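User: Can you walk me through this one? I'd like the ligand surroundings and the core.

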Amino acid sequence: MAPRQDDAIGEALGKIGPRLLVKGAFLAYFVFISIRLLQFRAWALGTGDFVPRPEAVAGLLPIGSYMSFFLWLKTGFFDPVLPAGIVIIIGALATSFVFKRGFCGWICPVGTVWDASAWLGRKVLGRDNYRFPRWLDLGLRGLRYLLAGLFMVWLARVSIAEAMSFQQLPYYAVVDAKMLLLFGAPVYLAVIALAFVVMMLLGNVWCRYLCPLGGVYGACGVASACTVVRDPAVCIDCGKCATACHAAVPVDTLKSVRAPECDGCQDCVRVCPAEGALTARLFGRFRFRWWMWPLGVTALWLAIFGIAVATGHWHSQLPIEVFGQFMRIPGL
Ligand code: SF4
Ligand code: SF4
């Protein structure tokens, strides 16, 4: 990728691969805290040393977390059991409203795994990932937004009493560890391996067509404060931006990328050979360097995390002994 518009920082980051660097770091952190949660579980079951219980694995529980999120919006009651789930949702929504689908593009560890499968597919097969015919692409994307909308309406309609009682279930308190164990079961490993191979062949179809949360964040990203903007007066119509776009956005025909599929990856900006033709901008006006985009996503994410920790909205209010008791319940 030719760093035509890069300054020294952009050039250095471009050589390492900015997505590999940022998403890789978030994925590595997620793997680390997942191991820590399993170690905590081992301690609770009396088979290991004590380690503090990590909170961020709650990000694996979108149904329970969105239920708690809507309960908070309706009543002001902030989930005391797995509060990190609400904080992660706030972070994902905030990064989407400011940096397109910034959460999907630069943070989500699940998306990173599927991006890796698509990348491996390109390397192994020696060609670009398959792109669906336009009619099918539009149909599948439309279906994804419909399902995302229905999913949100369903969760928002859960009654206050039901959402409250769900939070009091022992199952809810330990479901993050249960999910991790489930992913390690042979049948789930087989499904994950199959999905990996499918995405090697077809590209990251999970993030593009299937993930309902990506649909929610994509819809928020339409109103994003930051966008990629093309200046037709400077553009030389080489089409490199559209070819580089993994989200199949026709960047070379647009003035401003409002497409919900855009996750702000900045590949189009980085590949553009005409200085000033394609730029990252705030409110469509104020130009900034492409590398400030992932920096901004990360800074906003960490700021929300920091505020949550400082105000007591990150760590569970449940004593760790209670988590331990719940984990020892047969079947949990
Ligand atoms: S290449 Fe450009 S248009 Fe495509 S997803 Fe990345 S930032 Fe958005
Ligand atoms: S915006 Fe840049 S990469 Fe895209 S067509 Fe114009 S000159 Fe080429």
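User: Start with ligand 1. How do the residues around ligand 1 split by class?

Analyst: Its shell has ten nonpolar, two polar and two charged residues. Nonpolar here covers Ala, Val, Leu, Ile, Met, Phe, Trp, Tyr, Cys and Pro; charged is Asp, Glu, Lys and Arg; the others, Gly among them, are polar. This is a predicted model: local features need pLDDT of at least 70 and side-chain atom pairs count only at pLDDT 80 or more, while totals for chains, interfaces and linings use all residues. Residues are numbered from 1 along each chain as its sequence is written, with chains lettered from A and ligands numbered from 1 in the order in which they are written.

User: Which residues are the closest to ligand 1?

Analyst: Cys245, Ala247, Cys262, Cys265 and Cys268, out of 14 that surround ligand 1. A residue is near if its C-beta atom, placed from the backbone, lies within 6 Å of the molecule.

User: And which come nearest to ligand 2?

Analyst: Cys235, Cys238, Cys241, Asp252 and Cys272, again from 14 residues. By class, the shell of ligand 2 has nine nonpolar, one polar and four charged residues.

User: Switching to the core. Which members of the largest nonpolar core touch the most others?

Analyst: Ala58, Val228 and Cys268, in a core of 71 residues. Helix H4 (residues 83–98) gives the largest share, seven residues. A core is a set of buried Ala, Val, Leu, Ile, Met, Phe, Trp, Tyr and Cys residues joined through C-beta atoms within 7 Å. Buried means 20 or more other C-beta atoms within 10 Å of the residue's own, exposed 12 or fewer, partly exposed in between; C-beta atoms are placed from the backbone. Helices (H or I, at least four residues) and strands (E, at least two) are DSSP runs, numbered from the N terminus.

User: What does Val228 contact, sequence neighbours aside?

Analyst: Leaving out neighbours within four places, Val228 contacts Val251, Val257, Cys262, Cys268, Val269, Leu278 and Ala280. Contact means C-beta atoms, placed from the backbone, within 7 Å.

User: How do strands S1 and S2 run?

Analyst: Antiparallel: five bridges join S1 (residues 226–230) to S2 (residues 278–282). Cys226 stands opposite Leu282. Strands pair if DSSP finds at least two bridges between them.

User: What do S2 and S3 form?

Analyst: A hairpin, with three residues between them. Phe283 in the turn has a positive phi of about 55°. Ala280 stands opposite Phe288 in S3.

User: Last one. Where is Val113 found?

Analyst: In helix H6 (residues 109–125). Val113 is partly exposed, because 18 other C-beta atoms lie within 10 Å.

Definitions and conventions:
Contact = placed C-beta atoms within 7 Å.
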